[in-house]
Amino acid sequence: MTNPRLLRAALPFLTLAFVLTATFYVQPRTMSYFGLNLMLQYAVPIALATIAQMFIITVNDLDLSIGPFVGLVGVIAATVLNSNPVLGASALMACVLAYGVVGALIHVRNLPSIVVTLGLSFVWLGIAVMMLPSPGGKAPAVLKAIMTVQTPYVPFPILAAVAIGLVVHLALMTTSFGVVARGAGGNPKALDRAGWSMLGTKVVMYMLAGLFGLLAGLALLGLTTSADAHVADRYTLYSIAGVILGGGEFIGGRINPIGAVAGALTLALAGAFLIFLRISPDWQIGAQGAVLIIVLALRALAGSREKSS
Amino acid sequence: MKGLLSRLLGQPWVGSFLAAGLVWLLAVVFAGGHGGGEILSSALAFATFTVIVGLGQMMVITTGPGNVDLSIPATMTLSGVIAMKLMDTESALILVGIAAAMGASFLVGVANYGLIRLLRIPPIIATLSSSFLVLSTAISIGRGLRIKPPAPLADFATARAFGVPFAAIAVAALAAIIGLTLKHTIYGRTVAAIGQNERAAWLAGLDVRRTRFATYVLSAMLAGLCGVLQSGFSGGSALNMGDDFLLASIAVVVIGGTSVAGGRGNVPGIWGAALFMYLLVTMLNIFGASPGVRLVMTGLIIIAVIAVAGSENPRRA
């Protein structure tokens, strides 16, 4: 009998391997440097947004505003950052600070994060629409250069994904701050009594989410080269799905950063895979929902064995 | 008399009506005192749709923390698309179309609860995943075509008597029924009891599973009803017709004085909040605000309301 807990930890990678194998089988030409690069380039911003969502989920909240936030970052970077780098950079910093303020508000008033972030999503979208009513702007050359860099042997998106996963893993799973942060999701009362500031922890986690949302916006802009307020509306769903596919739990601070990146890669690949399968575009969203449900069903199965063993 | 007034002001739903009245007054004053009745009439017409889905969302949210139905927009779209497609502009087929749309919505509700129960996943992710499938089904049935509603349905959805939309009267009756159900039936009391303490409700012998099942089905079917009415009102179904209703359904519940932590629902507040939301947009339009400003204002007001009303037991810092 396999160890259920091991099975659970391996599930995100098994899913990724399965989707990758299936893609190679359906379209063998993707099994190349160029093919992987093309299929996975959008995995980088999705992975960054997924990590941002994971920081919020770690402290038992949910961020429904990350998609519009990624869009807003793209808009700022494609307009103000070009014409006035200092102003643009400070605007982006202000966005990250705003995330911290929202985290503090949610913590101090004990508010439901879904409602607050749903309202916040309108604020991000509104600001983005005000700055750029119709798609346009221009990505700074540096971003384009970074996102299209040709690394030797291994395509850049894979290197970037591995780097993101490892850095966040080291920060959250091996440091004492990471233990407190995950504890804030697991048992906030206990940590509070032990003298840790739950307010401080939550603000830091929200600002980290803002920072990774910022990176996601810049990465996405480097790929799309021009901005659109609505470009990342789907990212809210992607990021939540990525965390769940990666083995994270909604409550209790049980997260898995490397798994979350694997989840994001799976989502990006699933899109390409469905196109290769010639599934009608009508069912693209539905197929993603189905993948999510299947993975959750598999996990429920593994979970029940974990309990009974 | 004074006791009555202070008791009235203590009601959680009064604030939303006062806010709606204030916004209406501002709009009328800015418009030079004209069109107050017309603004109110269209506010009633548009608020009606938000109230229908708000009632379902309110019941779901009242069953406790973490319970929220994110599949409402997709269900609305699916229901509208099925209804318009089956009716095919024929008046004789109106009932068939409504029956099929409500049947499909019922199935969405069953699927939502099935996912929550069988996969033991939080309702947020269950209704989110199912909404993907529901939306795809709607896209594949609708094919992006806009089929006009049969004339009688369109007439009913847009008819007004002395400026009051028929649909608003019907939905006011529906809201009253749901309000009575919540307050005076075993089902309604069970919903509130589960929201206050699920374990205690279970230990007290209440049928927690059946009640939650019924609540998710109710929410889906109200979304379906809204989809049909909305299609009749706006000249057909559209694939994005549900988009605005995700935030709206949650916002009217929160602004209307229902406890977000569950256990305390409030029906009149949904009406007040829905009117407030529409009148706010109208006022910003009259002020000449751009779409971006309207979005920012809507978002900020929702955050402000939830921050002020907040939860019952804010954490002591």
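Two residues are said to be in contact when heavy atoms of theirs lie within 4.5 Å of each other. By that rule, 40 residues of chain A are in contact with 42 residues of chain B. This is a predicted model, in which local features need pLDDT of at least 70 and side-chain atom pairs count only at pLDDT 80 or more, while totals for chains, interfaces and linings use all residues. Residues are numbered from 1 along each chain as its sequence is written, chains are lettered from A in the order in which they are written, and side-chain values use heavy atoms, with hydrogens and water left out.

**The interface**

- Chain A and chain B bury about 3700 Å² between them, 79% of it on carbon and sulfur atoms, where buried area is the accessible area (1.4 Å probe) that two parts lose on being put together, summed over both.
- On the side of chain A, the residues that lose the most area to chain B are A:R109, A:F122 and A:D282, which together make up 16% of what that side buries.

**The surroundings of B:S71**

- B:S71 is buried, with a relative accessible area of 1%, and buried here means under 20% relative accessible area, with exposed over 50% and partly exposed in between (1.4 Å probe, protein chains only).
- Leaving aside neighbours within four places in sequence, B:S71 is in contact with B:V108, B:N112, B:T127, B:S130 and B:S131.
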